[in-house]
Amino acid sequence: MTTAMRRHARLLSTAALLGAGALAFTACAGGATNAPTSGGGDGEFTYLGQTENTTIIATLETLASDQCADAAEAAPLKADDIAGTQWDQQLQLLASQNGLSDMQMAAGTPSLMQQFIDAGQVLNLSETLDELGVADQVLPAADSTIKALYGDGDLYALPTEFNIEGFWYNKQLLADNGIEVPTTWDALVDSAATLQGAGVQPFAAAGKDGWPVTRLVGDYIFRDLGPDALQKVADGEAKLTDPAYVAAADAVSELGKAGYFGDAVGSVDYNAAMNLFLTGKAAYFYMGSWALANFNDEAQNQIGVDNVGFAPFPAVEGGAGSIDQIPANVGIPVMFSAQGADDDTKAWVKCIVENYGDTVLADSGVVSGFALDETPTGLSAPTQVVQDTIQNAPSSVLWFEAKFTSKGTSISQTNGGALANGSLSGADFMKLVQAANDEG
Amino acid sequence: MHKVLGDKRAILVLLGPALLVYTLVMLVPIIWSLFYTVQDGNPITGFTFAGFDNFAKFFQDPAAWDAVLFTLRYALVLTVLQVGVGYLLSLMYVFWLRRGSGLIRTIVFFPVVLPTVAVALLFQRLFEAAPTTGPVNTLIQFLGGGNVDWFGTPMASFWIIILMDLWRSMGFYAVLLYAGLVDIPDELIESARIDGASGWKLIRTIVLPLSLPVLLSSLIFSINGTLKVFDTIVALTNGGPGNASTPLTLYMFRTSFAYGDYGYGSTIALMLTILCLLFTVFIFRSTRNDLTKG
């Protein structure tokens, strides 16, 4: 009897230990089950994007069924998306587990991209495009913008967009109130006062997202102190808390105090701000040219696409910068995982580089940083303006947070809303951001 | 039974698997995290030994202190309110509603079973100011007031978080404390009544001392739960406006995973653990004193 019991106990303990072991293995296997998303010669081409951006995935799907059908047959496109607000931290987590997709939107913070590049996680596209013989398909202007962002002179992301930024305005609302398109900051502020007086909200801005507000601070700095002003901050030659820099944040905070962004700008997100402008409830909308996709969409754009005008960020009187230095960026470019760069992926890269530009312009009206095979015709008025501006701009500038650390970028953008409702002074804002940058 | 538990191998078999799983999923990460507190970096850039720099940084970091202050303010206010309101509710169940309290208890308990994110979305919509006007603002406008940007003001955001969490948790504490009150023998209360105790006096002299153990557990539950608040705030305000409603947990999460500083993030986590420990010890101590006095 006792022997039987002992045998039972032994059996039981073995079973229990095995069970526990299995449990522990499942607990640890989280990383391993994610492995297929990291690409490799796995017969699929994985893409991870931000939920908010529907243009890239739509274009990829079009390509998969048309020009890139061969690549898609060898490695079908498998797409996934997550919310843009958590983007950088998700990428960090994925990268630390070697779980990056074959292709994904790049990190929003250039300093984080730098970490990925240093750690060898991101495919060097200068080499890959040379190898594939398609290096000339990336426009020089876009090429240099990306290289300026990420440091070491090589290309690590593809410009699925090439954007210029500025104030989009409602032509009708300006004309109704006798306002000429402002070319100086003072004229812009005066026109805002006129509009506010007439019961029109002067600016639509996504205070909840913050960056559309902090962009204004950056642009003001470029106009007032010259195009190298923020590089000086990055190099430690100047501080954001210097009075000349604080003046820029104060200028934006003044707009907020006057209520020019509306009475609840801190709760307005990107889509709500876009909606305010496209339903004619606000006169100016500072945004990048990626918004052309929305402007060209008749369902969204109730003010009519021909009613949308573009004004470069105005000059600051007596400033060192000039109005023709256009704020430009490559939106959120796409990067490729170094690990996932097998032949399937390279076939996709080649096809994307060769065909993305024409497809996205034709389907979504988005101007990318790829060379075009066909000169487009029948573009809408705003798209044409963007094309012309890109062709004719003598030089470009980056944006406020382009050279900041991850923490600096985050602190700047989370406090943008407070700047826009006037509850945070320019000096306090700059103090917060400078402190976050100093911490590294 | 005694024989089985006296056998060391039986104990090993019974406890071993659970202990193994616990060690792997709890103790190992905790020790790992402790190790990170003296490191600088993240898995992408690699780690370097940083000594006690992270601790020095914590004590000099104004954002960390803002987060500590917010956490304390939130934990104290919410603990007082949720245990207080919960206690009042449980008294109401026992002494006023008596047997008919079932329905009310269910209704008050209902928010406890709702998912946090759903409740947060509900409150976001309730207090929404833009792009659409929520019911609260509609009411204010109807009464002649202006559109209030609730989530744009630090103080208003704080009180909305408190209101939401109170609504969510008071039912739980009411049931918990109700269980304690029901345990008080009816005879005791009866005899106290015969002796002339009623109302406030009955509660203060009989009910409160006898329900003190369960009240104490509620306080410890509450203070530890509220010091570690994360999901409700992330879902409702995401720490905003600016960083005005950022608790230590969210600051830790951002530092580690958004700013890519695992070392400093782990240091913040350790500080939070110490804070929870201090509070628990403090509550234990203070009530033990009371009990000896009583």
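**Entry 1: two asparagines**

I began with Asn98(A), which sits in the loop between helix H5 (87-96) and strand E3 (103-105) of chain A. I kept in mind that this is a predicted model. Phi of Asn98(A) is near 55 degrees, and this value is positive although the residue is not glycine.

I then looked up Asn238(B), which lies in the loop between helix H12 (231-236) and H13 of chain B. Its phi is near 50 degrees, again a positive value in a residue other than glycine. Asn238(B) has 17 C-beta neighbours inside 10 Å and therefore counts as partly exposed.

**Entry 2: a leucine in chain B**

Next I picked Leu78(B), a residue of helix H4 (residues 62-97) of chain B. Leu78(B) counts as buried because it has 21 C-beta neighbours inside 10 Å, and the cut-off for buried is 20 or more. Which residues does Leu78(B) contact, leaving aside its neighbours within four places in sequence? I noted Ile162(B), Asp165(B), Leu166(B) and Thr226(B). I also checked Ile161(B), which is 83 residues from Leu78(B) along the chain. The C-alpha atoms of these two residues are separated by 9.5 Å.

**Entry 3: helix H18 of chain A**

I went back to chain A for H18(A), which covers residues 406-414. How many of the residues of H18(A) are buried? I counted 9 of its 9 residues as buried, and the helix is mostly covered. Among the buried residues are Ser406(A), Thr409(A), Ser410(A), Gln413(A) and Thr414(A). The buried residues of H18(A) pack against H5, H6, helix H11 (211-225), helix H19 (416-420) and H20 of chain A. They also pack against H13 of chain B.

I took one of these partners, H20(A), which covers residues 426-439. The axes of H18(A) and H20(A) are 7 Å apart, and the packing angle is about 165 degrees. Angles over 145 degrees count as roughly antiparallel, so H18(A) and H20(A) are roughly antiparallel to each other. I wrote down their crossing as right-handed.

Which residues meet here? From H18(A) I listed Lys407(A), Gly408(A), Ile411(A) and Ser412(A). From H20(A) I listed Leu432(A), Val433(A), Ala436(A), Asn437(A) and Glu439(A). Sorted by class, this contact has 4 nonpolar, 3 polar and 2 charged residues.

**Entry 4: the domains of chain A**

The domain assignment of chain A gives domain 1 as 38-162 + 332-383 and domain 2 as 164-329 + 396-439. I noted that each domain is written as two stretches of the chain. The C-alpha centres of the two domains lie 28 Å apart. Domain 1 gives 18 residues to the contact, and domain 2 gives 18 residues.

On the side of domain 1 that touches domain 2, I looked for elements that give two or more residues. I found helix H6 (110-118), helix H8 (140-150) and helix H17 (381-392) of chain A. That side of domain 1 has 7 nonpolar, 8 polar and 3 charged residues.

**Entry 5: the whole chains**

I set down the totals for chain A. It has 20 helices and 10 strands. Its C-alpha trace spans about 100 × 50 × 45 Å along the principal axes. Of its 440 residues, 52% are buried. Among contacts between residues at least 6 apart in sequence, 79% join residues at least 24 apart.

Chain B has 14 helices and 2 strands. Its C-alpha atoms fill a box of roughly 75 × 75 × 35 Å. Of its 294 residues, 33% are buried. For chain B, 68% of the contacts between residues at least 6 apart join residues at least 24 apart.

**Entry 6: where the chains touch**

How many residues of chain B are in contact with chain A? I noted 30 residues of chain B against 38 residues of chain A. On the side of chain B, helix H2 (8-36) and helix H13 (248-258) each give two or more residues. The largest share comes from H2(B), with 9 residues. The side of chain B that touches chain A divides into 17 nonpolar, 9 polar and 4 charged residues.

How values were computed
Residues numbered from 1 in each chain as written. Chains lettered and ligands numbered in written order. Predicted model: local features only at pLDDT ≥ 70, side-chain atom pairs only at ≥ 80, totals over all residues. Axes fitted to C-alpha atoms, helices over the stretch in contact; angles between N-to-C directions. Helix = DSSP H or I, 4+ residues; strand = E, 2+ residues; numbered from the N terminus. Parallel < 35°, antiparallel > 145°, perpendicular 65-115°, else oblique. Left-handed = near helix turned anticlockwise from the far one by under 90°. Contact = placed C-beta atoms within 7 Å. Nonpolar A, V, L, I, M, F, W, Y, C, P; charged D, E, K, R; others polar. Buried ≥ 20, exposed ≤ 12 C-beta atoms within 10 Å, placed from the backbone. Domains from an automatic or database assignment.
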